[in-house]
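Here's a quick tour of a fold, written for someone who likes to know the cut-offs. Have a look at the model first, then read on.

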Amino acid sequence: MIRQRLANRRHHEAIAIEHQGQRYKIGLGREILCDGSCGAQRRFGPIKEIFLSAQKVDTAADVVVRDGAILISLLLQYGCPARDIAHAMKRNPDGSPASPLGRAAAFLIEGPRDA
């Protein structure tokens, strides 16, 4: 398998969430398909990278979520379907994501919305 290298310039969306009383920041990176100069509105491709960090930097939680986000990003860039990644994450009995990584992965198929 070949990794899809991302362009140096990408669209980035930042989202703040709270999970089990802890605050996290999620960054979603997408390639720019059309920057408006092609006669159409700005368009972005699917999410190809995720950044995730805990409010308290360099804590165990922060290190785990950062590393997990890197692995999700690599899976996306090697062609793993976003739906497979999101569905592989542990869920609570009510079906909601059980972890901050699961919340971030949910954006792969649900898209960003008011978090």
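Which residue in β2 does His-12 stand opposite? The residue opposite His-12 is Gly-29 in β2.

Some ground rules before the rest. This is a predicted model, with local features needing pLDDT of at least 70 and side-chain atom pairs counting only at pLDDT 80 or more, while totals for chains, interfaces and linings use all residues. Residues are numbered from 1 along each chain as its sequence is written, and side-chain values use heavy atoms, leaving out hydrogens and water.

**The sheet**

Three strands make an open sheet in the order β1-β2-β3, with antiparallel pairing (strands are DSSP runs of E with at least two residues, helices are runs of H or I with at least four, both numbered from the N terminus; a pair needs at least two DSSP bridges). β1 and β3 stand at the edges with a single partner strand each, so one side of each has no neighbour in the sheet. From one strand to the next, the twist averages 20 degrees. Here's how the pairings look:

| Pair | Sense | Bridges |
|---|---|---|
| β1 (residues 10-19) and β2 (residues 22-34) | antiparallel | ten bridges |
| β2 and β3 | antiparallel | nine bridges |

The β1 and β2 hairpin has two residues between the strands, and Gln-20 there takes a positive phi near 50 degrees. Over on the other pairing, Leu-28 has Ile-50 in β3 as its bridge partner.

**The helices**

The axes of α1 and α3 (residues 100-110) come within 10 Å and cross at roughly 30 degrees (axes are lines fitted to C-alpha atoms, for helices over the stretch in contact, with angles from 0 to 180 degrees between N-to-C directions). That makes α1 roughly parallel to α3, a label for angles under 35 degrees.

**The largest pocket**

The largest pocket holds about 240 Å³ of space. A pocket here is an open set of points on a 1 Å grid over the protein atoms alone, where a 1.4 Å probe fits and protein lies on both sides within 12 Å along at least five of seven lines; lining residues have an atom within 4 Å of a point. The volume is the space filled by probe spheres set on the points.

Of the 14 lining residues, Glu-49, Ile-50, Phe-51, Ile-70 and Ser-73 are the closest to the centre of the largest pocket. β3 (43-54) and α1 (60-77) are the elements giving two or more residues to the lining, and α1 supplies the largest share, six residues.

Key:
Parallel < 35°, antiparallel > 145°, perpendicular 65-115°, else oblique.
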